[in-house]
Amino acid sequence: TIIHGTFDYNAPQQAGIPASARIDGGATYIGSSSFLPTSQEAQTFALAGIGIFFAVRLVAAILAAGLVAGLFPVFGRRVSEEALMRGPKHFILLALLGAAVIAATPVLLLLLVASFVGIGIAALIGALYLLLLLLAYLYAAVLTGSMLMRVLLKRTDVTWKGAVLGMLALGLIGVIPALGLVIAFILSSAALGSMLVIFYRFAFKPV
């Protein structure tokens, strides 16, 4: 680096200028201006921003779960009963079904897009897939809340309060590295499998 003149600079901390740099007028470190955060302050701001982001996301998820459970209590009860009232083996089968759909749908979308003819169908299925993923996570909170209400209060009904409690529990579980994501994925897969079974019965099972 060659600078013909003086080099005056503001920075959070003094820069290390290598001996190979040529500055005719010399380098002057003016200091850290009040509007420039130090490296410690920048780290604090970054941590605070991450904390606020997760807090806002958790609040939004809690509101969404409570709203879904409050607006569709019958469907929430059926999802909960399908996943929790038929034994651990049925719960595992539902989780496997949901996980299979989560894993296989992107492959199907790629195949449809690669064929060009199926791009429109891929767009429709992709939108439906995203909606199901969102509903699976919300109803995972319903399942979690139902389990907590059964254990803590001995109540079997599904309410928006239980969904809010379940989403709060999911948010706290998600903080656990690796294990939290696994638990949330299993619950979401079970909720998705339960919804798919209910949809199948509604569409194809004769009355």
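The legends below walk through several close-up views of this predicted model.

Before you start, note that residues are numbered from 1 along each chain as its sequence is written, and that side-chain values use heavy atoms, with hydrogens and water left out. Because the model is predicted, local features need pLDDT of at least 70 and side-chain atom pairs count only at pLDDT 80 or more, while totals for chains, interfaces and linings use all residues.

**View 1. Helix H2 packs against helix H4.**
Two packed helices are described by the angle between their axes and the distance between the axes. Here H2 (residues 73–84) meets H4 (residues 119–152) at an angle of about 70°, and their axes are 10 Å apart. Helices are DSSP runs of H or I with at least four residues, numbered from the N terminus. The axes are lines fitted to C-alpha atoms over the stretch in contact, and angles run from 0 to 180 degrees between N-to-C directions. H2 is therefore roughly perpendicular to H4, a label for angles of 65 to 115 degrees (under 35 is roughly parallel, over 145 roughly antiparallel, and the rest oblique). On the H2 side, look for Phe-75, Gly-76, Val-79, Ser-80, Ala-83 and Leu-84; on the H4 side, for Tyr-139, Val-142, Leu-143, Ser-146, Met-147 and Arg-150. Contact means heavy atoms within 4.5 Å. Eight of these contact residues are nonpolar, three are polar and one is charged. In this scheme Ala, Val, Leu, Ile, Met, Phe, Trp, Tyr, Cys and Pro count as nonpolar, Asp, Glu, Lys and Arg as charged, and the others, Gly among them, as polar.

**View 2. Helix H2 also packs against helix H3.**
H2 and H3 (residues 88–114) pack at an angle of about 115°, with 7 Å between their axes. This makes H2 roughly perpendicular to H3. Glu-82, Ala-83 and Leu-84 of H2 make the contact with His-90, Phe-91 and Leu-94 of H3. The residues of this contact of H2 with H3 comprise four nonpolar, one polar and one charged.

Side chains of opposite charge can pair when their charged atoms come close. The structure holds five salt bridges, each a side-chain nitrogen of Lys or Arg within 4 Å of a carboxyl oxygen of Asp or Glu. One of them joins the side chains of Arg-77 and Glu-81, at 4.0 Å from N to O. Both residues lie in H2, four residues apart, which is about one turn of the helix. Arg-77 is partly exposed, at 36% relative accessible area, and Glu-81 is partly exposed, at 36%. Buried means under 20% relative accessible area, exposed over 50%, and partly exposed in between (1.4 Å probe, protein chains only).

**View 3. Glu-82 takes part in a network of salt bridges.**
Glu-82, Arg-86 and Arg-201 are linked by salt bridges into a network. The closest N and O atoms of Arg-201 and Glu-82 are 2.7 Å apart. This pair links distant parts of the chain, with Arg-201 in helix H6 (residues 179–204) and Glu-82 in H2, 119 residues apart. In the salt bridge of Arg-86 with Glu-82, the closest N and O atoms are 3.7 Å apart. Is Glu-82 buried or exposed? Glu-82 counts as buried, at 4% relative accessibility. Arg-86 is partly exposed at 48%, and Arg-201 is partly exposed at 27%.

**View 4. Ala-163 sits buried in helix H5.**
Ala-163 lies in H5 (residues 160–174) and counts as buried, at 1% relative accessibility. Leaving aside neighbours within four places in sequence, Ala-163 is in contact with Ala-65, Gly-66, Ala-69, Ala-141 and Val-142.

**View 5. Two loop residues have a positive phi.**
Most residues other than glycine have a negative phi. Lys-154, in the loop between H4 and H5, has a positive phi near 60°. Lys-154 is exposed, with a relative accessible area of 68%. Ala-178, in the loop between H5 and H6, has a positive phi near 65°. Ala-178 is exposed too, at 55%.
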